[in-house]
Amino acid sequence: MEQTKRIDGLIVYGVIYLGFLYLPILLIPLFSFNDSIYIAFPLKGFTLQWYEAMIAQDALVRSLMNSLKVASAVAVISTIFGTLAAKAVTGYNLRGKAPVVAFIMIPFVIPGIILGISLLVLINRLGVTPSLLTVGLGHIMIAIPFSMMVMISRLEGLDRDLEEASMDLGEGVWSTFWRVTFPLALPGIVASLLLTFTLSFDEFLIAFFLTGKEATLPIFIFSQLRLSQKLPNVLALGSCILAASTVVIAAAEYIRRRNLRSDRQSGLGV
Amino acid sequence: MRKRNFIEVRNVTKRFGRVRALHSVDIEVNEGEFFALLGPSGCGKTTLLRILAGFESPTEGEVFIDGQAMSAVPANRRPVNMVFQNYAIFPHLNVRQNIAYGLRRQRLPKAELDAVIERALVLIKLEGFGERRSDQLSGGQRQRVALARALVKQPKVLLLDEPLGALDKRLREQMQVELRALQQEVGVTFVFVTHDQEEALSMSDRIAVLSEGEVLQVDTPERLYERPVSREVADFIGTMNFVEGEVEGVDTDMISVDAGPLGRVSAASDERTRPGRGARVLIAIRPEKIAVSRERPDVPSNLVRGQVSAASYLGDRSHLRVDVPGLGAPISVASQNILPLLHSAHAAESDAMWLSWPASAVVLLPPE
Ligand SMILES: Nc1ncnc2c1ncn2[C@@H]1O[C@H](COP(=O)(O)OP(=O)(O)OP(=O)(O)O)[C@@H](O)[C@H]1O
Ligand SMILES: [Mg+2]
């Protein structure tokens, strides 16, 4: 009897927790179809006008494109650096490995606002004008540690014998990387790309300091919040992003599970 | 003509920080030989193999393969290939791709490549398995894929690190026979690591016994078993009875030793062991060389009477432990059960029996 009571309590807790987590998010698509400029109950009626307005709003579309560009570049570049760094850390008996890793991981723990200000000071000193490029560089800086973490956990699960076997069969260091390490690290690379892309895509603080004339999406949305008649456009945009990220995450999870299965069969682990 | 000293390991020492994995190792392997490295866990077998493969470089000393110094040759340019302890089959490639992995640089035409792979699959008896992924193979099949992958490279030397260690006993015995047959078929020099002495004895042309990074003895299986050079080797390969004694007389072909409670023991002398008069020696005798009888055999020496303290029946043979008055440890005897069971000649516990052994079975070792 007591057992069931305890489980019931847990279920109630779980439901409340999930509601707390997701209800606010679900309000966004809900109000994006609401035929009213005010975000308040009761709902007025169904409309697609905010979506039309969103597409018509040039600045919004441009900032979305900016963010996609920056996030893609950040994802690719930081994943390359993160992978190479992770390879160095896991592969070789690097002397002074621990301090090197700690050093690379520092941006991980520095508050974004501090990083933003210091980068702004730095580029001013160097005489560089803030632009999407500087935003991208700032994002790469914070994205590399994330990529490195993901790649370290993937590469540590790899058997070192496999790379040695490749060398033994006549391949050099570089072709061993392409023929063995890379394909086996691919699930990690995909995960790192997704993670760093998202990181850059919704990053606000650093972008706020480093952005120039061209705004990224979070900066644009922030500027729109002051204009209440544009708010429903933002909701429509939010709903689109929500839908897109749900699809991407589902895809990533699907890939991860498929790899997990074949890894387990081949005794690879991780 | 097969070359002698095809592989030469000269005075190789390897240190990992403070750990000394190998100490002044000298080994020569002839071309086409099946050569085993035998020793307990941690004695440096894998380290020596990895030095031959080029994954580690010796702290001191040099390795020559086919007369060529190897220190400046990286692993991917050495004329050797390795079968890893866990096989290291590429999990993202199928069997065919695994076997073809090392051939890419040769840029063979497609038809020729296919023919090479097909021949390899036949050799390892895995025809029709070409499209399988490594996770769809059994342990023995993986082992054979690893073998084929190395052999298609036509190495001068194949290095195998406990290739049968992960297999169960039955498969292991089958693979021992197959591997040996394969080696004779392809004629490649095999350097084979194992810590299983029976495996080493049954498969190898010669064996190097290692202990704590040092080579104790390099010899044929027969000589290693019959004529170990030290108590350590004798202990590692099979079991032996040891009794201390003092040399009484040295003849041209016979050495007689005063062995205290064992009486006078005469040993056939060979070219290697010629201790002088009065020298302390360790007498070593294999359990199966000792004959047991109720009646006193009609021999002048190499004879002692004792009481059976334990007898265990193992079907084809029986193991006895015989207490000899004045001797610290009981003598182990393994006797073949040639006569039918329960025959009165068989020894049982607390029977008093005569033990005797031929002079040729006595090995004289340096004292401890
Ligand atoms: N990379 C390394 N760093 C430090 N010590 C090492 C390294 N590789 C081997 N050793 C040490 O060298 C010694 C010999 O190791 P090795 O792996 O050669 O033993 P082995 O004979 O192959 O043992 P096993 O039968 O257990 O495989 C061991 O004491 C081991 O701890
Ligand atoms: Mg080993």
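Here is a walk through a few spots in this structure, which is a predicted model.

Two elements of chain A each give two or more residues to the patch: helix 4, spanning 97-109, and helix 5, spanning 112-126.

Staying in chain A, have a look at helix 3, which takes in residues 58-91 and holds Ser78(A). Is Ser78(A) buried or exposed? Ser78(A) has a relative accessible area of 0%, so this residue is buried. What does the Ser78(A) side chain reach? It gets to the backbone oxygen of Val74(A), at 2.5 Å.

Now hop over to chain B and find strand 1, made of residues 7-16. On one side of the pairing story is strand 4 of chain B, residues 60-65, which runs antiparallel to strand 1 and is joined to it by five bridges. If you want a landmark, Thr13(B) stands opposite Glu60(B) of strand 4. Strand 1 of chain B also pairs with strand 2 of chain B, residues 19-29, through seven bridges, and these strands run antiparallel as well. Here Arg15(B) has Arg20(B), in strand 2, as its bridge partner. Strands 1 and 2 of chain B form a hairpin with two residues between the strands, and in this hairpin Gly17(B) takes a positive phi near 60°.

Next comes ligand 1. Among the residues around it are Phe16(B), Val19(B) and Ala21(B), then the run of Ser41(B), Gly42(B), Cys43(B), Gly44(B), Lys45(B), Thr46(B) and Thr47(B), and also Glu162(B). Ser41(B) puts a polar side-chain atom 2.5 Å from an oxygen atom of ligand 1. For Lys45(B), the distance from a polar side-chain atom to an oxygen atom of the ligand is 2.8 Å. Thr47(B) has a polar side-chain atom 2.5 Å from an oxygen atom of ligand 1. How much of ligand 1 does the protein bury? On its own the ligand exposes 630 Å², and the protein buries 61% of that. The elements giving two or more residues to the shell around ligand 1 are strand 2 and helix 1 (45-53) of chain B. Helix 1 of chain B makes the largest contribution, with three residues.

Last stop: a pair of loop residues in chain B. Tyr87(B) isn't a glycine, yet it has a positive phi of about 75°. You can find Tyr87(B) in the loop that connects strand 6 (80-83) with helix 2 (95-100) of chain B. With a relative accessible area of 4%, Tyr87(B) is buried. Gln154(B) is not a glycine either, and its phi is positive at about 45°. Gln154(B) sits in the loop between helix 4 (139-151) and strand 7 (157-161) of chain B. Is Gln154(B) buried or exposed? Since exposed means over 50% relative accessible area, Gln154(B), at 70%, counts as exposed.

How values were computed: Residues numbered from 1 in each chain as written. Chains lettered and ligands numbered in written order. Predicted model: local features only at pLDDT ≥ 70, side-chain atom pairs only at ≥ 80, totals over all residues. Heavy atoms only, no water. Helix = DSSP H or I, 4+ residues; strand = E, 2+ residues; numbered from the N terminus. Pairing = 2+ DSSP bridges. Near = heavy atom within 4 Å. Polar contact = N/O pair within 3.5 Å; in protein donor to acceptor, adjacent residues only side chain to side chain. Areas by Shrake-Rupley, 256 points an atom, 1.4 Å probe, with all protein chains shown as cover. Buried < 20%, exposed > 50% of the residue type's maximum accessible area, 1.4 Å probe, protein only.
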